[in-house]
Amino acid sequence: MQQLTKNWSFSSEFPQEVQRKVSEIICSYQLSISNTPEDILTHYVNTVSFNGGKGHKGIMNASYYTFGKSINNINELEMMYLIHTLHRG
């Protein structure tokens, strides 16, 4: 959840200092209070970079780029591959 908060709220130019981490923790807590776990996960997979961070934001775009089909039409092995390519920033 903290990575989702970072992606939404903090630009890459914002220095990674203690103040930023504390801000991320506070924002993450507020996010957890105001959203369901399902909503948080949905927002996360729709905004994070897949395929090693090659500019494919969101799981739907990554599915179309990688397999040429919707996320609803891929099998479990293909889903596991997409998860494996999740950009770990």
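This is a predicted model: local features need pLDDT of at least 70, side-chain atom pairs count only at pLDDT 80 or more; totals for chains, interfaces and linings use all residues.
Trainee: How many helices and strands does the chain have?

Mentor: There are 5 helices and 2 strands, in the order α-α-α-β-β-α-α along the sequence. Helices (H or I, at least four residues) and strands (E, at least two) are DSSP runs, numbered from the N terminus.

Trainee: Why is N51 called buried?

Mentor: Buried means under 20% relative accessible area, exposed over 50%, and partly exposed in between (1.4 Å probe, protein chains only). N51 has 9% relative accessibility, so N51 counts as buried. You'll find N51 in the loop between β1 (49–50) and β2 (56–57).

Trainee: What is N51 in contact with, leaving aside neighbours within four places in sequence?

Mentor: Contact means heavy atoms within 4.5 Å. By that rule N51 is in contact with H56, A62, Y65, T66, Y81, L82 and T85.

Trainee: And S70, buried or exposed?

Mentor: Buried, because its relative accessible area is 12%, and the cut-off for buried is under 20%. S70 sits in the loop between α4 (59–67) and α5 (76–84). Not counting residues up to four places away in sequence, S70 touches M60, S63 and Y64.

Trainee: What makes the buried residues of α4 line one face of the helix?

Mentor: Those residues are I59, A62 and S63. Seen down the axis of α4, they fall within an arc of 100°, so they line one face. The arc is that of the directions from the helix axis to the C-beta atoms. The cover over these buried residues includes α3 (37–47), β1, β2 and α5. Just after α4, G68 takes a positive phi of about 70°.

Trainee: Which residues make up the largest nonpolar core?

Mentor: It has 9 residues: Y44, V48, F50, I59, A62, I71, I74, L82 and L86. A nonpolar core is a set of buried Ala, Val, Leu, Ile, Met, Phe, Trp, Tyr and Cys residues joined through side-chain atoms within 4.5 Å. As for I71, it touches I59, M60, S63, M79 and L82, again not counting residues up to four places away in sequence.

Trainee: Why is E78 said to form a salt bridge with K69?

Mentor: A salt bridge is a side-chain nitrogen of Lys or Arg within 4 Å of a carboxyl oxygen of Asp or Glu. For E78 and K69 the closest N and O atoms are 3.5 Å apart, so the pair meets that rule. The count comes to 1 salt bridge. E78 is buried at a relative accessible area of 15%, while K69 is partly exposed at 29%.

Trainee: What makes V18 count as exposed?

Mentor: Its relative accessibility is 65%, and exposed means over 50%. V18 belongs to helix α2 (residues 18–34). Together with V22 and I26, V18 forms a nonpolar patch on the surface, with about 280 Å² of accessible area. Patches are made of residues with over 30% relative accessible area and no salt bridge: like charges are joined within 9 Å, nonpolar side chains (Val, Leu, Ile, Met, Phe, Trp, Tyr) within 5 Å. Accessible areas come from the Shrake-Rupley method with a 1.4 Å probe; for residues, only the protein chains shown count as cover.

Technical notes: Residues are numbered from 1 along each chain as its sequence is written. Side-chain values use heavy atoms; hydrogens and water are left out.
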